[in-house]
Amino acid sequence: MKTKITEMFGIEHPIIQGGMHFVGFAELAAAVSEAGGLGIITGLTQRSPADLANEIARCRTLTAKPIGVNLTFLPTVTTPDYPGYIRAIIDGEVKVVETAGNNPQQWLPMLHEAGIKVIHKCTSVRHALKAQSIGCDAISVDGFECAGHPGEDDIPNFILLPRAADELKIPFVASGGMADGRSLVAALALGAEGINMGTRFMATKEAPIHDNVKQAILDASERVVAKEKELGSKITFAGIAEDVVGVYPKIMLEGQMELGAWSCGLVAGLIHDIPSCKELIDRIMREADTIIRDRLARLAG
Ligand SMILES: Cc1cc2nc3c(=O)[nH]c(=O)nc-3n(C[C@H](O)[C@H](O)[C@H](O)COP(=O)(O)O)c2cc1C
């Protein structure tokens with residue numbers, strides 16, 4: 001399946017694995033890229049630019065196919081050495097960067113001069129238009145279904161994607177709630193050029209996270225409720241700091257599920273198995289093909 005996204009990133013299938021803190025290590029990114037999608041290493045999970053350089057090199061030993069790196073610009077306790085991370089990305093000859101969290105404008109010249117395509121993750125059309133105007137190459141439209149930081153607009157993909165299609169000139173992928181061939185075909189119908197998945201890729205054989213995390217995703221129904229709701233408007237950073245600061249390594253790598261907050265999307269309700277990345281991606285493409293050729297063709301006929 002050729003789309004503007006497969007062409008832009010030089011990949012076989014229009015499926016991207018989004019950056020995921022303490023999940024997006026070399027093993028997962030390489031497995032997704034080897035399977036014909038675009039695997040993304042999560043930059044800030046690496047403690048320093050030197051560590052990121054090593055992780056990129058490690059990924060290169062696992063796949064010769066295109067890989068990407070996620071750079072998340074969020075308020076953090078200490079500001080990361082972004083120029084250093086970008087240098088590691090450029091020196092590692094990575095050709096795609098997924099930016100998220102904040103306006104990436106100040107980093108675009110450096111990235112573009114190195115021939116890197118930038119896909120910016122946005123939770124609103126307003127931000128997507130801004131990203132387009134500053135020169136981003138593509139957008140990951142992250143609906144309210146998404147895991148992680150769903151923004152503050154709370155617009156689900158059934159509304160957000162057609163709105164993006166009406167407004168954007170640059171290609172975009174649908175992110176949030178994507179799990180299977182049905183998601184891919186629906187995303188294409190709504191105007192996207194592919195899909196970005198986070199949670200679905202956590203429940204794969206190659207995701208280098210503890211089995212407890214994978215099992216928690218399989219056990220979750222679509223009724224997962226955030227702890228935030230309990231605290232409501234009384235929530236403060238200090239009030240939840242112990243639940244969120246530094247807990248990711250212990251949850252993701254050691255499987256201590258009760259230690260604090262971690263992300264997964266509502267899409268967990270659609271996840272029932274732990275295939276390899278190749279089995280997953282092949283299955284999605286096969287299902288999408290069948291839906292288009294069989295069900296949709298029949299309806300059109
Ligand atoms: C455990 C986890 C950690 C994540 N960490 C990041 C991150 O560090 N930076 C980022 O841009 N997105 C992050 N995301 C969001 C994903 O890249 C992706 O946009 C999201 O998972 C899509 O929604 P889905 O889970 O329904 O597929 C994370 C998602 C998960 C599940």
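Just after α8, Gly191 has a positive phi of about 110 degrees. Helices (H or I, at least four residues) and strands (E, at least two) are DSSP runs numbered from the N terminus. The model is predicted: local features need pLDDT of at least 70, side-chain atom pairs count only at pLDDT 80 or more, and totals for chains, interfaces and linings use all residues. Residue numbers start from 1 along each chain as its sequence is written.

**Exercise 1.** Determine which residues of α7 are buried and how they are arranged about the helix axis.

Solution. Step one is the criterion: a residue is buried if 20 or more other C-beta atoms, placed from the backbone, lie within 10 Å of its own, exposed if 12 or fewer, and partly exposed in between. Under this rule the buried residues of α7 are Asn157, Leu160, Leu161 and Ala164. Step two looks down the axis of α7: the buried residues fall within an arc of 95 degrees (taken from the directions from the helix axis to the C-beta atoms), so they line one face of the helix. Step three turns to the other side of α7, where Asp166 and Glu167 are exposed.

**Exercise 2.** Classify Ile159 as buried, exposed or partly exposed.

Solution. First locate Ile159: the residue is in helix α7, residues 157-167. Then count: Ile159 is partly exposed because it has 13 C-beta neighbours inside 10 Å.

**Exercise 3.** Find what packs against the buried residues of α7 and of α8.

Solution. Contact here requires C-beta atoms, placed from the backbone, within 7 Å. The buried residues of α7 pack against α6 (125-134), β6 (138-142), β7 (172-175) and α8 (181-189). In α8, the buried residues are Ser183, Leu184, Val185, Ala186 and Ala187. Their cover includes α7, β7, β8 and α14.

**Exercise 4.** State how far Thr290 lies from Arg182 in sequence and in space.

Solution. Thr290 belongs to helix α14, residues 277-300. Thr290 and Arg182 are 108 residues apart in sequence, and their C-alpha atoms are 9.8 Å apart.

**Exercise 5.** Describe the shell around the ligand by residue number and class.

Solution. The ligand is surrounded by 29 residues, the closest being Gly18, Ala100, Gly198, Thr199 and Gly265. Next, sort the shell: 10 are nonpolar, 15 polar and four charged. Nonpolar means Ala, Val, Leu, Ile, Met, Phe, Trp, Tyr, Cys and Pro; charged means Asp, Glu, Lys and Arg; the others, Gly among them, are polar.

Terms used. A residue is near a molecule or strand if its C-beta atom, placed from the backbone, lies within 6 Å of it. Two residues are in contact if their C-beta atoms, placed from the backbone, lie within 7 Å.
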